[in-house]
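Hi,

Here is the structure I promised to pass on.

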Amino acid sequence: MASVKKDPMLQVESTCGSLLYELQIIWDEVGETETDRDKMLLELERECLEVYRRKVDQANRCRAQLRQAIADAQAQLAAICSALGERPVHMRQSDQSVGSLKQELGTILPELEEMQKRQTERRSQFMVVLEEIESITNDIKGQGEHAQSKPLVDETDLSMRKLEELHCHLQALQKEKSDRVETIRKHLCTLYSHCSVLGMDFNEVVNKVNSTLTDPEGPRSLSDHTIKNLDAAVQKLRKVKIQRMQKLQDLATTMLELWNLMDTPIEEQQEYQHITCNIAASEHEITQANSLSEDFIKYVEAEVARLDEVKASKMKELVLKKRSELEDICRKTHMLPVSDSAIDQTIVAIESGIVDATLVLEHLEQHISKIKEEALSRKEILEKVEKWLSACDEESWLEEYNRDDNRYNAGRGAHLTLKRAEKARNLVNKLPGMVEALASKTIVWEQEKGIEFLYDGIRLLSMLEEYNLLRQEREEEHRRQRDHKKLQGQLIAEQEALYGSKPSPSKPLGGKKAPRMSTGGAATNRRLSLGAGMHQTPKPNKKADQRQIDGALSTGRRGLDVAGLPSRKQSMNPCEQLQSPLVRKPFSPLPTTVVASKANIATPQQLLPTPKSNAVNEISAFATPVKDNNSVRNLEEEKLMMMQTPKNVAAMIPIPSTPATISVPMQTAATPFNNARLLPEKVEVVEYSFEERRLAFMLQSESLIHV
Amino acid sequence: MIKNMSLPPPSAGRELANPPSDGISNLRFSNTSDHLLVSSWDKRVRLYDVSTNSLKGEFLHGGAVLDCCFHDDSSGFSVGSDNKVRRIVFNVGKEDVLGMHEKPVRCVEYSYAAGQVITGSWDKTVKCWDPRGASGPERTQVGTYLQPERVYSLSLVGNRLVVATAGRHVNIYDLRNMSQPEQRRESSLKYQTRCVRSYPNGTGYALSSVEGRVAMEFFDLSEAAQAKNYGTFATGGCDGFVNIWDGNNKKRLYQYSKYPSSIAALSFSRDGQLLAVASSYTFEEGEKSHEPEAIFVRNVNEIEVKPKPKAYPNPAA
């Protein structure tokens, strides 16, 4: 072989040629036919052609791949560049000829790689931002922890611009978050302040809004909802604060008023200084802890209530004081006091808060000043009345003194009584004039005032009149006594003349002295002092007095008169006094002679079963009746008597004794009576039972219905 | 009020159904059964069977019925403001008029001893009637007896009749001789007589007055004859309380819980086991609004009514 260092092709050709030469030799040897040789040569050509073709295809394919790769890479690069919005650093121009494909590929690939690297970086940057945005959004939305899904990156836009946008967004979100945090913080601060002032539990309140806010560790909710609620809570508490503040200020005002009213000492007021100093404060000025807590307000309320009570009781005291002042004045001037029940009711009303004590006080004050005026006008007359009454006292003292036979006996103090007697006599002489003057003054006063002058409820003029009458009667009585004594003297003298001896003088009835009625200050006693003399000694002709007394008497007197009535009733007439010198005790049995000699009894007056007489003494004390054969009792008479029965009052009913039995003291009484006497004077007071009244009412209402 | 520790708190008693619709003037237990006759201002007389709490009969009269009493279990008598005296027959539901007074008749009693109906009226008379007489007012009237005043209450025991009138008169009659009273008395109480009741043992009577006091009297006035055994008795007042008293010791034994209204009438049953209480406003304060009428029937425990032996201190004090 010729080792030719030539073109490989030539090399091949030589190799092929030699091979062919070899082949021909073979074939020659073999003896292959021309056809067969042609066939084999054709085959050989064909096979060689195929091999060539395969290689060409392969090379073609290779070329295609390369082109593809370049195209791909270019496409990718374009995509990335558009997404990133950038070009690779060493970017070739698109129309630049780059030479062979392989060269081109070689150029593109690094570019691609670079861009890819950049893309990845960019993508991760985006991721970071997006994640952060997501996180903050979550925080703001308040969704708390939840599965962090990878945020989606928009691959088509990875440009810096977009990144910038996202960064801005992120910043905005961050700002918002911090704003919210700040808001919440501020709200919480305010809330804390309010809670402190109101005495509420801060944690409890905040917890109610949102539990995350109190958790020091975990993330706080920053949602709109939370903030709204928090804001609402703050507003609410503010309102409460204002409310309580106003209440406290009202209480403080009340306190000041009460202190003012009652002149409370400064030490007491100092204790509440911290409250009253805030009386005009506005809401934001009140910051002290617990200064508006419920307990504190209650404490202040209690104090105000206490002050109120003190005021009420002081008022009450005042009212009572005024009332006693009023009563005092009335008593001193002998005016009838105001009805107690009205004032008592008022006091009850004050206590229960119905009536304002101040009004009552005013009313009382007015009343008092009115009464004082009246008292003043009465002064003069009252002085005269006092003089008159004391003169009356002296008069009755004198009467008694005159009756005392021992009065001229020298004893201790006898000279004093003598002096007193003389003075009394002078006074008694002046009495009529005194009474006259007093009466005329009273009349003038009454005319001026247009009302009656009342002394302890009784008309003064009536009292004076009564006194005059009594006086007259007494003088008559004295005269009669003197006449009687004269008569007696004559009789004795006659007897002496006849028999030569004097019978022992009968003891005057005055031997039994009744105890003097005290002349104490009470007017009732005074009024009786004149009559007392009459009561105690059963002098005759009291009956006449009695009748007049009935006419002129006031109720007060009447009662006492009545007590004396029975004694007077059973007293004896002048003639009998001689015969039975003993004074009869009240309610003791009647001697028969009295009944038998009833014909002697001058007037029927002594036997008045006055219906008005409340026999406050027990009926059991009545005299046992005596069998009176004279009395003819028929039912008619009884009926007549019964008609006088007073209503609901135990009366001294003159029931005749029953023939069969002796009546037990408590059950019956018998006094002879005179028909004609009774009827005209007595007031017919008929008693009715409940059933009678009920029937009358029923009939009346039935008749009204039918009318 | 006595607190009796061993017994449960006292109740007012069983309330009867269908009480009268206006004031109750009186109520009575029958002598032979647990029937209760009730007279009322609503013009009706009602008969109740207490054991079954049912209304057995009702009679409408011309005016308010002021009193009623039993004759026997089949009939009774009633009187009222229409001045009539009636006999009412329960089962048959019929009534006839025995007679009339001139004014409202206030009380009625039946005397088993005399076989007569006794009535007292505000016309100041007491009349006796024979219910067996033929119908026709004139024939049944046996007698008429003038009283000092309007009759307010009467009571019978044995042959004695006690009449209490206005003006505090008390007349005591022997039914066998009504021509005049056996005794004429005056109430020892100071106020208007409200009611008179004789003791079951016939030795005397109790008088009550509008003041609220009770006086115990005896028929026989001699000291020796007076065994002074007052026994125990019940009183009812306008204060709504029913009190049980021991007359001998003059102490209150028991007080039942307050009834809604004034006690208008009381009646013990024949065996003393039951007490009927009429709680009904008695017009003591005139016309005014008041609780509705009610009738209570309560059991009477022995411990409430037995006088306490003197050896022990009396808790009622």
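First, some ground rules. This is a predicted model, so local features need pLDDT of at least 70 and side-chain atom pairs count only at pLDDT 80 or more, while totals for chains, interfaces and linings use all residues. Residues are numbered from 1 along each chain as its sequence is written, chains are lettered from A and ligands numbered from 1 in the order in which they are written, and side-chain values use heavy atoms, with hydrogens and water left out.

Two strands count as paired if DSSP finds at least two bridges between them.

One open sheet in chain B has four strands in the order β10-β11-β12-β13, with antiparallel pairing. Its edges are β10 (105-111) and β13 (141-146), each of which pairs on one side only. From one strand to the next, the twist averages 15°; such angles run from 0 to 180 degrees between N-to-C directions, with axes fitted to C-alpha atoms (for helices, over the stretch in contact). Inside this sheet, β12 (residues 125-129) and β13 of chain B are antiparallel partners joined by five bridges, and V126(B) sits opposite Y145(B) of β13(B).

Another open sheet has three strands, ordered β21-β22-β23 in chain B, and again the pairing is antiparallel. Here β21 (232-236) and β23 (251-255) are the edge strands, each pairing on one side only. The twist in this sheet averages 30° from one strand to the next. Five bridges link β21(B) to β22 (residues 242-246) of chain B. Across that pair, A234(B) is opposite I244(B) and F233(B) is opposite W245(B). The hairpin of β21(B) and β22(B) has five residues between its strands, and G240(B) takes a positive phi near 85° there.

**Strand β15 and its partners**

Have a look at β15 (residues 160-165) of chain B too: five of its six residues are buried, so it is largely enclosed by the rest of the structure. It pairs antiparallel with β14 (residues 151-157) of chain B through six bridges, with L154(B) opposite V163(B). The hairpin of β14(B) and β15(B) has two residues between the strands, and G158(B) has a positive phi near 60°. β15(B) also pairs antiparallel with β16 (residues 169-174) of chain B, over five bridges, which puts A164(B) opposite V170(B). Three residues separate the strands in that hairpin, and G167(B) in the turn has a positive phi of about 75°.

**Two serines**

S40(B) belongs to β3 (residues 35-40) of chain B and is buried, with a relative accessible area of 0%. Its side chain reaches two backbone oxygens: that of D22(B) at 3.1 Å and that of G23(B) at 2.9 Å. Leaving aside neighbours within four places in sequence, the residues in contact with S40(B) (heavy atoms within 4.5 Å) include P20(B), R46(B), A64(B) and V65(B).

S159(A) lies in the loop between α3 (101-141) and α4 (160-198) of chain A. It is buried too, with a relative accessible area of 11%. The side chains of S159(A) and D157(A) make a polar contact at 2.7 Å. That term covers N or O atom pairs within 3.5 Å; within protein, one must be able to donate a hydrogen and the other to accept it, and residues adjacent in sequence count only if both atoms are side-chain atoms. Not counting residues up to four places away, S159(A) touches A83(A), L84(A), R122(A) and F126(A).

The expected span of a helix is 1.5 Å times one less than its number of residues. D263(A) follows α6(A) and has a positive phi, near 50°.

Helix α21 (residues 690-706) of chain A has 17 residues and should span 24 Å; its end C-alpha atoms are 24 Å apart, which agrees. Among its buried residues are F690(A), L695(A) and M698(A). What do the buried residues of α21(A) pack against? They pack against β10, β14 and β18 (193-198) of chain B.

How values were computed: Buried < 20%, exposed > 50% of the residue type's maximum accessible area, 1.4 Å probe, protein only.
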